[in-house]
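The exercises below walk through one protein structure, each with a task and a solution worked out in steps. Please look at the sequence and the structure before reading on.

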Amino acid sequence: MFESHLIKSSIKEGKTKMRVGLYPGTFDPLTLGHIDIISRASTLVDKLVIGVAINNEKNPLFSLEERVELIKKEIANLKSLKIDIVVHPFKNLLIECAKDVGASILIRGLRAVSDFEYEFQMVGMNRVLDNRIETVFLMADAGCQAIASRLVKEIAKLGGNIDKFVTEEIAVAINNKFKG
């Protein structure tokens, strides 16, 4: 109610509130599913922040710095997107990261019901921490629903072809990790 009043007041004064969205993840590696969500999320906000989480519990294949650089390169290839996209590493609570970057919207991708169950709990906790930050779920494109970073790494590790799941540059980076 209060925020609605502020938005109306800003519009009357000729000011518009920039909608900043935060799409968080470990992105280890960035997949075509992630890129699909980034592309579609970019139509919903004025600025999109890709929040790259430090999560050593997931035993990442790529260092934080490598993930950030790979994502920056892939974002640069998305020339058709007309908004500002920023890559932002973070190690604090997601809700605190959202505040740090000025995001009022969290973007989350869903592939299956099991994703929803986890995300549903996260939304509840995040709403308690800050109820001004909304969460928007985007269903994975039908062609991307089976893609999971964990499975992409496993396929690559066992010598399988991952070209249908990641970009060419990401595939090269993954395969180089397993060769060395």
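This is a predicted model: local features need pLDDT of at least 70, side-chain atom pairs count only at pLDDT 80 or more; totals for chains, interfaces and linings use all residues.

**Exercise 1. Describe the order of elements and the overall dimensions of the protein chain.**

Solution. Count the elements to begin with: the protein chain has seven helices and five strands. Along the sequence, these follow the pattern α-β-α-β-α-β-α-β-α-β-α-α. For the dimensions, the C-alpha trace spans about 60 × 35 × 30 Å along its principal axes. The radius of gyration, taken over C-alpha atoms, is compared with a globule rule of 2.2 Å times the number of residues to the power 0.38; for 180 residues a compact globule would be near 16 Å, and the 17 Å of the protein chain agrees with this.

**Exercise 2. Work out how helix α3 and helix α7 pack.**

Solution. Start from the geometry: α3 (residues 64-76) and α7 (residues 168-179) pack at an angle of about 155°, with their axes 10 Å apart. Here the axes are lines fitted to C-alpha atoms, for helices over the stretch in contact, and angles run from 0 to 180 degrees between N-to-C directions. Since angles over 145 degrees count as roughly antiparallel, the two helices are therefore roughly antiparallel to each other. Then identify the residues in contact (heavy atoms within 4.5 Å): Glu66, Leu70, Lys73 and Glu74 in α3 meet Glu169, Ile170, Ala173 and Lys177 in α7. By class, this contact has three nonpolar, no polar and five charged residues, with Ala, Val, Leu, Ile, Met, Phe, Trp, Tyr, Cys and Pro counted as nonpolar, Asp, Glu, Lys and Arg as charged, and the others, Gly among them, as polar.

**Exercise 3. Describe the lining of the largest pocket.**

Solution. A pocket is, on a 1 Å grid over the protein atoms alone, an open set of points with protein on both sides within 12 Å along at least five of seven lines, and lining residues have an atom within 4 Å of a point. The largest pocket is lined by 42 residues, of which Pro24, Gly25, Thr26, Lys58 and Arg108 lie nearest its centre. Sorting the lining by class gives 20 nonpolar, twelve polar and ten charged residues. Sorting by element, α5 supplies the largest share, eight residues.

Key
Residues are numbered from 1 along each chain as its sequence is written. Side-chain values use heavy atoms; hydrogens and water are left out. On a 1 Å grid over the protein atoms alone, a cavity is a set of points where a 1.4 Å probe fits but cannot get out, and a pocket is an open set with protein on both sides within 12 Å along at least five of seven lines; lining residues have an atom within 4 Å of a point. Helices (H or I, at least four residues) and strands (E, at least two) are DSSP runs, numbered from the N terminus. Angles under 35 degrees count as roughly parallel, over 145 as roughly antiparallel, 65 to 115 as roughly perpendicular and the rest as oblique.
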